[in-house]
Amino acid sequence: ISFHAYGTKVEKLNDGSRPFAFDNSLAYICSVKEIAVRCGYEKTPLVIDEWGASNAGFYNVEECPALILREKPEFAAYFAKMLTLYVEKRLPIEILMICLSGQHEMIRDFSGFRNFFTLHFYRKPIYNAFCLASLLGDHYLACRGNGNPNLSVLPTQSTGTVSLMLAYASEHFDICLPEQEIFIDDKHMRQDRIVEYFCIDETHANAIYAYERLGCPDTPTAEQINEISAFSELKKQELVWKADEPLHITMKNASVVLVRWRR
């Protein structure tokens with residue numbers, strides 16, 4: 001059963017009646033599932049062949065200033081929180097595809113179109129979030145201890161490897177949250193280990209941060225393009241996790257973190 005699932009519309013963003021929210025599309029998807037169950041298709045997979053925080057991928061910040069979210073880590077957090085909700089609700093979504101219309105109209109970088117790359121092929125945070133999601137495992141794990149409504153946690157496992165995706169952002173992405181200290185515990189761990197760590201936030205895997213830091217050049221030099229490109233890339237760090245001690249990480253506002261370790 002295939003359908004589109006958009007979180008809001010450009011006109012509703014402009015008049016303020018329906019702002020961005022990571023659970024905006026949830027009620028609609030649940031209604032589709034209810035129809036499927038009622039009609040005898042309870043086990044039929046759902047295919048979301050287009051999704052977005054908003055519709056109108058061919059609109060940019062000129063038509064709707066709020067669409068600048070598509071250029072920022074907030075969109076990565078939107079995606080990660082949305083995935084977590086889908087898993088927690090056990091929705092039978094088999095395929096989740098994003099529409100990338102709009103990139104044929106680009107005349108400058110960071111214009112708010114719905115795509116993975118800017119005009120100069122800088123990676124957007126939403127692209128990096130898809131890359132992180134590809135590192136998740138095949139099986140969902142239970143977790144306990146998350147009492148923060150702004151923090152989502154998606155723990156998975158595959159062939160002995162645990163992958164944990166965390167997203168930290170306010171409900172409508174309009175509040176700058178304070179840094180959040182996170183302590184991850186694994187009772188099965190009995191020895192020191194190296195943990196792979198990836199981060200998308202204001203200063204990591206975020207091209208627009210480097211672009212603004214350079215003064216928003218309309219015609220960037222080759223050196224500036226290389227510098228912005230370097231900031232747009234996901235970088236893997238390795239953390240030492242001591243046996244029988246929680247792993248400590250700090251999350252910033254509108255951030256996505258993925259950690260992986262082997263049991």
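Biologist: Which residues do ring pairs link into a cluster?
Modeller: This is a predicted model, where local features need pLDDT of at least 70, side-chain atom pairs count only at pLDDT 80 or more, and totals for chains, interfaces and linings use all residues. Residues are numbered from 1 along each chain as its sequence is written, and side-chain values use heavy atoms, with hydrogens and water left out. Rings of Phe, Tyr and Trp (its six-membered ring) pair if their centres lie within 6.5 Å, and planes under 30 degrees apart count as stacked, over 60 as edge-to-face, the rest as tilted. Here, ring pairs form a cluster of Phe22, Trp51, Phe75, Tyr78, Phe79, Phe116, Phe117, Tyr127, Phe130 and Phe173.

Biologist: And how many aromatic pairs are there by this rule?
Modeller: A pair of aromatic rings is described by the distance of the centres and the angle of the planes. With that rule, the count of aromatic pairs is 16.

Biologist: Are the rings of Phe3 and Tyr28 stacked or edge-to-face?
Modeller: Phe3 sits in strand 1 (residues 2-6) and Tyr28 in helix 2 (residues 26-38), 25 residues apart. Helices (H or I, at least four residues) and strands (E, at least two) are DSSP runs, numbered from the N terminus. The ring centres are 5.9 Å apart with planes at 80°, so the pair is edge-to-face.

Biologist: Does Phe3 count as buried or exposed?
Modeller: Buried means under 20% relative accessible area, exposed over 50% and partly exposed in between (1.4 Å probe, protein chains only). At 44%, Tyr28 is partly exposed. Phe3 has 8% relative accessibility, so it counts as buried.

Biologist: What about Trp241 and Trp261, stacked or edge-to-face?
Modeller: Trp241 is buried at 1% relative accessible area, and Trp261 is buried at 5%. Their ring centres are 5.1 Å apart and the planes stand at 70°, so this pair is edge-to-face.

Biologist: What arc do the buried residues of helix 4 cover?
Modeller: In helix 4 (residues 125-133), Pro125, Ile126, Asn128, Ala129, Leu132 and Ala133 are buried. The arc is that of the directions from the helix axis to the C-beta atoms. These residues are on the same side of helix 4 because the arc they cover is only 155°.

Biologist: Which strands stand at the edges of the open three-stranded sheet?
Modeller: This sheet has the order 1-2-3 with parallel pairing, and two strands pair if DSSP finds at least two bridges between them. Each edge strand has a single partner strand, so one side is left without a neighbour in the sheet; the edge strands are strand 1 and strand 3.
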